[in-house]
Amino acid sequence: MFEVVDHVIDERAVAGAVADPGAGAVCAFSGVVRDHSRGKRVLYLEYEAYPAMAVKQMRRIADEIKERWGITRVAIVHRTGRLNVGEASVCIAVASAHRAEAFEACRYAIDRLKTILPVWKKEVWEGGEYWVGWEGTPDPAEPIPALRG
């Protein structure tokens, strides 16, 4: 299961997608919207994605996990649209024979996802908003440098 969805993620279904009678461990991770960021109270997040490429990259991550740990049961779902505090933006599940490999592979998947997935996040807080990770966009927590003429 590799999907980009615009609705609430069924986290149990993601974990269920990796069910395997030979697995002694299923590790699932959900990234959820927290109520603060950059010293501000977050009202909600908005996600945009390039779905076809995102799914391709999810499969790439699963292939990397297979090569590194021999794990073939991986599921990744990322959500787009408006998400409120407490809602899951991403869910990853990995099943393996042993827990150590499941934990390592699941952590690898979220870390890798954050570097290669074409998904963009906008934080909306009281009094402002910010697209996280856009190159050339100043961080609102940093002072704006003076222009030199």
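Which residues touch the most other members of the largest nonpolar core? Select Ile-65, Val-74, Ile-76, Ile-92 and Leu-113, which hold that place among its 32 residues; a nonpolar core is a set of buried Ala, Val, Leu, Ile, Met, Phe, Trp, Tyr and Cys residues joined through side-chain atoms within 4.5 Å, where buried means under 20% relative accessible area with a 1.4 Å probe and protein chains only. This is a predicted model, in which local features need pLDDT of at least 70 and side-chain atom pairs count only at pLDDT 80 or more, while totals for chains, interfaces and linings use all residues. Residues are numbered from 1 along each chain as its sequence is written, and side-chain values use heavy atoms, with hydrogens and water left out.

Next, colour the elements that give two or more residues to this core, among them β2 (25-32), α2 (51-69) and α3 (99-116); helices (H or I, at least four residues) and strands (E, at least two) are DSSP runs, numbered from the N terminus.

Leaving aside neighbours within four places in sequence, Gln-57 is in contact (heavy atoms within 4.5 Å) with Ile-116, Leu-117 and Pro-118.

Finally, show Arg-82, whose charged end sits over the ring of Tyr-44, 3.6 Å from its centre; such a placement requires NZ of Lys or CZ of Arg within 6 Å of the ring centre and within 35 degrees of the ring normal. Lys-40 likewise lies over the face of Trp-125, at 4.8 Å from the ring centre.

Note on methods. Buried means under 20% relative accessible area, exposed over 50%, partly exposed in between (1.4 Å probe, protein chains only).
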